[in-house]
Amino acid sequence: MPIPLILGVGAAIAGVAGVGTAAHGAKKMKDANDTMKATESQHRRNIEKFENQNKLTNEKMDELGKLELKVLKGFEDFSNVIEKIQNRPKFEQYNKDGVSLPTYDKEELKTVSVGAGVLLGGVGGAAAGTFGGFAAAGATTSAVMALGTASTGTAIASLSGVAATNATLAALGGGAIAAGGGGMALGTTILGATTLGVGLLVGGIIFNVTGGKLSDKADEAYSQMKKAESSINKICSYLYELEKTAEDYTHSINIVRNKYLESYNYISYVVNKLHKVDWNEFSEQDKLAVKNTVMLVGLLYKMCKLNLVNKATNENEMNTINKSGINIIKNDSIQVIDNLN
């Protein structure tokens with residue numbers, strides 16, 4: 001066979017091989033691109049799922065936090081009415097059937113009320129989850145106590161530090177990061193459009209190698225997305241449970257608060273409208289209303305002190321919902337209301 005013909009055949013064969021290699025590389029590129037698009041799309045859906053659940057949880061936790069502050073703020077009105085009653089007995093600590101409630105303390109209630117008022121006024125425009133952060137971390141009463149003992153100007157200046165949390169962060173703890181909540185390398189970080197563009201301009205062998213490397217990167221991105229998806233599902237499940245817990249606890253506080261307001265409005269009428277301020281002139285119904293109100297204030301105060309979330313002992317673990325504490329105080333509230341005369 002003439003040499004030129006051999007060379008021609010050889011060139012043809014090489015050309016076919018080159019086309020085949022390029023075609024194989026092009027398929028790898030397409031598969032990698034399809035994988036990345038699917039990965040990014042799924043990750044966006046996962047993030048959207050988290051953001052939606054986060055929003056719902058923050059709303060319920062904020063509702064609870066605001067309710068607790070409103071309850072605490074109202075204690076000053078209660079204390080002012082009680083202090084007008086002369087010759088009143090000393091209200092002993094409630095301790096019955098295993099239920100113990102704090103004793104009436106005028107100064108403490110006033111301090112708490114002032115602090116709650118500062119928080120309600122100063123954090124009114126704060127980011128979503130701020131009020132819920134107080135309830136989640138059990139910081140409501142400690143925060144209002146700290147603010148209530150400071151001057152108004154100092155208290156308001158301190159709000160930025162006190163409110164530097166939200167329901168989600170307080171609820172999750174450091175475990176959110178450990179679970180994969182951050183550091184996701186997706187999209188253009190791993191497989192950029194420029195990388196794909198370069199692959200389309202080179203010859204067969206280089207094209208094939210690039211396609212293989214991009215496939216590895218796409219697979220890596222998919223693997224990270226699935227890992228994050230597992231973490232997001234776990235976090236969303238936890239936040240959903242916290243949302244329902246907050247909703248239920250808010251309902252429990254409102255039941256007690258309504259009973260309290262009923263008793264408080266009665267004694268406020270007796271003292272402020274009828275001007276009966278001597279305990280010895282009180283009817284048995286009047287005296288009973290006062291005792292019930294004092295008892296319900298103690299119960300509400302105890303309920304507002306409860307932290308809905310237990311802080312994890314290990315910073316790499318997620319926090320947990322304080323189910324035992326919640327169940328105990330809910331049972332206490334039922335028992336106290338049943339014992340109202």
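Q: What is the relative accessible area of Glu 83?
A: This is a predicted model, where local features need pLDDT of at least 70, side-chain atom pairs count only at pLDDT 80 or more, and totals for chains, interfaces and linings use all residues. Residues are numbered from 1 along each chain as its sequence is written, and side-chain values use heavy atoms, leaving out hydrogens and water. Buried means under 20% relative accessible area, exposed over 50%, and partly exposed in between (1.4 Å probe, protein chains only). Glu 83 counts as partly exposed, at 28%.

Q: Which residue meets Glu 83 in a salt bridge?
A: A salt bridge here is a side-chain nitrogen of Lys or Arg within 4 Å of a carboxyl oxygen of Asp or Glu. The N to O distance for this pair is 3.0 Å. The partner is partly exposed too, at 27%, and its name is Arg 88.

Q: How many of the 22 residues of α11 are buried?
A: Helices are DSSP runs (H or I, at least four residues), numbered from the N terminus, and α11 covers residues 284–305. α11 is largely enclosed by the rest of the structure, because the number of its 22 residues that are buried is 16.

Technical notes: Helices (H or I, at least four residues) and strands (E, at least two) are DSSP runs, numbered from the N terminus. The expected span of a helix is 1.5 Å times one less than its number of residues.
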